[in-house]
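This report concerns a metal site and the charged side-chain pairs of one protein model. The sequence and structure are shown first.

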Amino acid sequence: MKKAEKKEAAKTENKEEPKMNFLELEKKWQAAWEKNKIFEVSEDSKKKKYYALEMFPYPSGAGLHMGHALNYTIGDIFARFKRMSGFNVLYPMGYDAFGLPAENAAIKAGEHPAEYTEKSMINFVSQQKALGLSYDWARKVVTCTPEYYKWNQYFFLKFFENGLIYRKKAAVNWCPKCQTVLANEQVHSGKCWRHEDTDVEVKQLDQWFIKTTDYSEELLDKVRDLQWPERIKIMQENWIGKSFGTDINFKIGGKEWPIFTTRPDTIYGVTFMVVSSQHPKLMELVTAKQKKEVEAFLKKLGGVSEKEVEELGKEGVFTGSYAVNPLTGDSVPVWAGNFVVADYGSGMVMAVPTHDQRDFEFAKKYKIPMKIVISPESKTLDIKSMKEAYTENGILVNSDKFNGLKNREAIEKISEFIAKQKLGKKTINYKFRDWLVSRQRYWGTPIPMIYCDSCGVVPVPEKELPILLPKKIKFGKGNPLATNMDFVETRCPKCKAKARRETDTMDTFFDSSWYYLRYCDPKNNKEAFDKKKVEYWMPVDQYIGGAEHACMHLIYARFFTKALRDLGFLKFDEPFTRLFNQGMLHGRDGNKMSKSLGNVVNPIEIIDKYSSDSLRFNLMSLSAPDSDSIWSDTGIESAFKFISRLFLGITNIKIGKSSPKFESKINKAIKEISLDIGSIKYNLALIKIRGLYDSIMQENEISKKDLESFMKLLHPICPHITEELWHNLGNKTFISLEKWPEADETKINEKFEQEEKNAEKAVSDILNVLKIIKEKTGKEGGKIYLYVIPDELSSYNAEAISKRTQKEVKVFTVNDKKKYDPGGKASKAKPGKPGIYIE
Ligand SMILES: [Zn+2]
Ligand SMILES: [Zn+2]
């Protein structure tokens with residue numbers, strides 16, 4: 001407990017705790033805001049815009065959880081602050097409504113995904129309203145509506161027209177019982193989530209890809225300039241993973257395979273190759289003799305989930321093929337492995353077990369020979385006694401004409417030699433892959449493509465959009481779209497012959513890649529958005545969400561912006577200027593909130609018991625919004641009590657004239673709290689607001705203006721009670737739309753601050769002396785006399801000190817001729833430190 005709080009508690013200890021019921025008051029103001037549409041905005045060229053946005057939620061059946069409440073409260077405080085600071089604030093909300101969970105719920109409970117989603121959304125909206133969030137609800141965007149996904153299809157066609165979309169075979173998880181493709185999340189330890197006895201198979205299917213890699217360089221280059229948390233920028237850089245290296249052409253069965261490496265200095269040490277077990281051409285490399293073994297291996301891997309790979313460890317199988325090293329002429333075996341990515345480089349890597357730990361472990365496991373090509377300068381390596389790969393720098397050995405070179409220099413020398421001899425070339429490689437957007441599932445946007453036996457793949461003409469997702473479907477075997485003949489059977493747009501529709505739907509990351517643009521013009525049925533409106537509102541000035549979206553969503557959205565810019569839809573490069581990641585809120589036991597641990601705190605239950613303002617106040621008091629925090633039951637209790645006291649205290653304060661001391665205090669607070677809220681350090685703002693409230697309670701009266709300033713400072717965090725208090729003062733406007741107070745610097749007087757500190761120090765000195773007296777004599781001290789330097793007299797208020805020490809207090813100046821000073825303590829007084837005598 002802080003000092004001020006203790007004081008406050010002492011003051012009300014003997015009185016009955018105020019038990020306020022804020023629920024009705026909160027509902028009243030939520031309804032008034034909605035009725036008066038005060039948060040609805042439109043473009044206004046005279047006002048500076050501000051676009052504040054939280055990542056939109058997936059509307060799950062479980063409703064709002066505390067993490068959501070935290071996320072949205074952080075955003076709402078910011079939006080309210082910016083609105084009051086004079087900006088035209090766009091602050092919208094919507095729902096990422098397509099996706100697997102709704103489909104899973106449908107399969108399990110027999111409920112249609114559309115109904116499940118609709119019900120969940122209604123629940124979400126009412127819960128978000130109960131939190132008092134100041135969204136412009138007229139701009140609500142729901143991705144599963146044809147009004148929205150029509151434009152997904154439109155952009156898909158635009159990308160296709162411009163060569164940004166292509167088809168390619170890729171590995172998918174396949175359940176032979178479900179007769180359908182499974183998402184990685186639906187594969188549990190290599191088995192189908194619905195059929196625990198059924199091994200998941202890997203199938204190569206034709207899939208739609210978006211050429212996100214066309215933008216690798218720009219995505220990497222521009223991330224540095226963003227005002228984003230450093231760790232998110234680093235994660236994006238690593239995800240894109242640019243590296244400079246060399247493609248070396250190995251020959252396998254007469255065919256050339258360019259193998260990417262950043263370590264051409266180890267080329268003479270290659271003793272085997274590893275091709276990805278998901279490589280579409282893997283079976284072409286497998287010899288008849290090895291076929292059975294490879295198939296058994298693939299079955300054992302069970303699916304393409306990377307998590308499974310981590311559990312299994314590095315596994316491999318010999319394909320039967322050999323690759324010829326273009327520098328040595330050696331033939332080395334080609335293995336298939338589960339740890340090589342199918343579309344990194346050519347999906348195959350050269351392995352140098354002596355100088356790469358992963359290759360070393362693999363070679364040991366499968367008894368593959370090794371060869372040393374880098375030697376430390378001080379000792380000689382011996383393969384037989386090596387316990388791990390030698391990965392340090394050294395001198396090249398066993399490397400023909402490059403022997404004796406330092407290996408770092410050899411990288412350049414050998415790659416130059418390879419290029420000269422046309423055995424390969426220098427190249428840049430990225431880990432970043434093209435985006436696989438095909439999903440063999442129902443609850444998503446239908447991909448607007450048609451297959452015709454004579455014309456091939458034909459895009460749906462734009463005027464036929466949207467291709468509606470059929471409502472009547474049967475779940476069971478396979479993708480419900482593929483078994484719905486009314487949907488599948490169509491005519492070819494080119495030759496009018498019978499043709500088939502694409503039954504794949506789009507990855508829902510496609511939906512979330514441009515929703516922030518739709519908010520700028522959500523009801524447009526002629527275009528995805530009006531360019532002028534988007535130009536006014538975009539880019540998003542402050543984006544708020546979880547760090548788990550560091551890569552996928554935030555990279556796809558950046559890609560989309562750049563691609564739409566190049567297609568003439570947009571005039572800016574980056575969608576989100578500033579990004580804020582909120583911390584994780586853990587359960588009261590310090591663990592992640594989860595049903596199984598029974599530590600879940602439901603925000604709506606808290607609001608019903610304590611009020612939304614109390615919840616908001618408590619969430620923002622726990623810690624800095626970007627650090628992790630732990631839910632505290634005493635915290636919410638104390639927030640509720642504080643707000644109840646504050647409500648009564650402010651209601652009863654006498655309005656008159658503020659003392660210069662209080663004026664100094666409040667102007668300093670305005671200055672500091674504005675900075676705290678502007679930099680999303682709400683916890684610091686709250687400490688100052690509590691302090692300011694304590695100061696108000698020590699004043700006999702304060703001015704109406706100062707009282708209103710206090711309400712405004714508190715408003716973003718506690719919007720409901722401040723709206724009520726504002727109206728109780730006789731105001732007819734909404735405090736939500738009032739102007740943020742400005743600090744009058746001329747009123748800030750550091751002398752008052754110093755005085756306050758001195759008085760505080762004197763009180764603690766007195767309490768200390770009283771304690772010593774009691775310890776020494778066993779008696780309570782009596783009357784207290786203070787002797788102060790004359791011009792400090794105003795700092796020491798006898799009444800205030802008496803209240804704190806529970807003793808009678810008298811204050812004299814040291815030069816007071818009539819002072820009572822039996823201990824001669826007046827001579828001990830110094831500036832800022834009074835002499836003290838206790839009877
Ligand atoms: Zn299954
Ligand atoms: Zn045709």
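The sections below describe a predicted model.

## Zinc site

Four protein donors hold the zinc ion (ligand 2): the SG atoms of Cys452, Cys455, Cys492 and Cys495, at 2.2 to 2.3 Å. The site is tetrahedral, with angles of 105 to 113 degrees among the 4 donor atoms. Along the chain, the donors follow the spacing C-x2-C-x36-C-x2-C. Cys455 belongs to the loop between strand E21 (449-452) and strand E22 (456-459), and Cys492 to the loop between strand E23 (489-491) and strand E24 (498-501), so this pair ties together parts that are 37 residues apart in sequence.

Cys455 is partly exposed, at 26% relative accessible area, whereas Cys492 is buried, at 1%.

## Salt bridges

The salt bridges number 53. In one of them, Glu230 meets Arg224 with an N to O distance of 2.9 Å; Glu230 is partly exposed at 42% relative accessibility, and Arg224 is partly exposed at 35%.

Lys671 and Glu745 form a salt bridge at 3.5 Å, N to O. Lys671 lies in helix H22 (residues 660-678) and Glu745 in the loop between helix H25 (719-728) and helix H26 (750-777), so the pair ties together parts 74 residues apart in sequence. Lys671 has a relative accessible area of 38%, and Glu745 one of 49%.

## A salt-bridge network

Shared partners link Glu218, Lys222, Arg558, Lys562, Arg565, Asp566, Asp573 and Glu574 into one network of salt bridges. Within the Arg565 and Asp566 pair, the closest N and O atoms are 2.9 Å apart. Arg565 is buried at 18% relative accessibility, while Asp566 is partly exposed at 47%.

Key: Residues are numbered from 1 along each chain as its sequence is written. Chains are lettered from A and ligands numbered from 1 in the order in which they are written. This is a predicted model: local features need pLDDT of at least 70, side-chain atom pairs count only at pLDDT 80 or more; totals for chains, interfaces and linings use all residues. Side-chain values use heavy atoms; hydrogens and water are left out. Donors are N, O and S atoms within 2.8 Å of the metal (3.2 Å for Na, K and Ca); water is not among the atoms, so sites may look incomplete. Four donors count as tetrahedral if all angles lie between 85 and 135 degrees; four count as square planar and six as octahedral if opposite donors are over 155 degrees apart and all others between 65 and 115; anything else is irregular. Helices (H or I, at least four residues) and strands (E, at least two) are DSSP runs, numbered from the N terminus. Buried means under 20% relative accessible area, exposed over 50%, partly exposed in between (1.4 Å probe, protein chains only). A salt bridge is a side-chain nitrogen of Lys or Arg within 4 Å of a carboxyl oxygen of Asp or Glu.
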